[in-house]
Amino acid sequence: MTQEPAVERRADPTSPTIVAGVDGSPTSWDAFSWAAGEAVRSKARLIVVYVMPFTEPAAALGVPYDYVGVENSRQEMAAEIEAEVRRRAHDLGISVRFVSEYGDATESLSDFARTVNANLVVVGRSAKKWHQLAGSLSHRLTCRKDAPVVVVVP
């Protein structure tokens, strides 16, 4: 038995916009899945954003650093995440826009959400213990007023 590919549903450009932040972690894929489901339910456009940091700790500490190698690794990671986003979106039958940016995740997601007039921002809750003390992306986003934020808890 062969499985028919899902028919892709394209959102109306005037429909609501959902921005989902992904980083390749299991919780970010949970957030993607929730955002995709909400996009289908609300007939919204789904834009997935992957934010790459500007600097690496080694560079900040003055340790010898292979900038070209790191940049290539960042671009490879972005390409892998984009391919996975597109695969999952195809399986769900939805269209998706993928954007990769450099910067602080909180600032980049907030700025991007404002730029596209997002109606909703969706991220996964960090599973790192350190973030419970120091503050996670999801916590920092919920403290801003750019758009409503949904934090998906696994």
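Modeller: Threonine 17 is buried, at a relative accessible area of 2%; buried means under 20%, exposed over 50%, partly exposed in between (1.4 Å probe, protein chains only). This is a predicted model, where local features need pLDDT of at least 70, side-chain atom pairs count only at pLDDT 80 or more, and totals for chains, interfaces and linings use all residues. Residues are numbered from 1 along each chain as its sequence is written, and side-chain values use heavy atoms, with hydrogens and water left out.

Biologist: Which strand is threonine 17 found in?

Modeller: Threonine 17 is in S1, residues 17–21. Helices (H or I, at least four residues) and strands (E, at least two) are DSSP runs, numbered from the N terminus.

Biologist: What does the side chain of threonine 17 join in a polar contact?

Modeller: The side chain of arginine 45, at 2.6 Å. A polar contact is a pair of N or O atoms within 3.5 Å; within protein, one must be able to donate a hydrogen and the other to accept it, and residues adjacent in sequence count only if both atoms are side-chain atoms.

Biologist: New topic. Where is asparagine 117?

Modeller: In the loop between helix H4 (105–115) and strand S4 (120–124). Asparagine 117 has a positive phi of about 55 degrees, although it is not a glycine.

Biologist: Is asparagine 117 buried or exposed?

Modeller: Asparagine 117 counts as exposed because its relative accessibility is 61%.

Biologist: And lysine 43, where does it lie?

Modeller: Lysine 43 lies in the loop between helix H1 (26–42) and strand S2 (45–52). Its phi is also positive, near 55 degrees.
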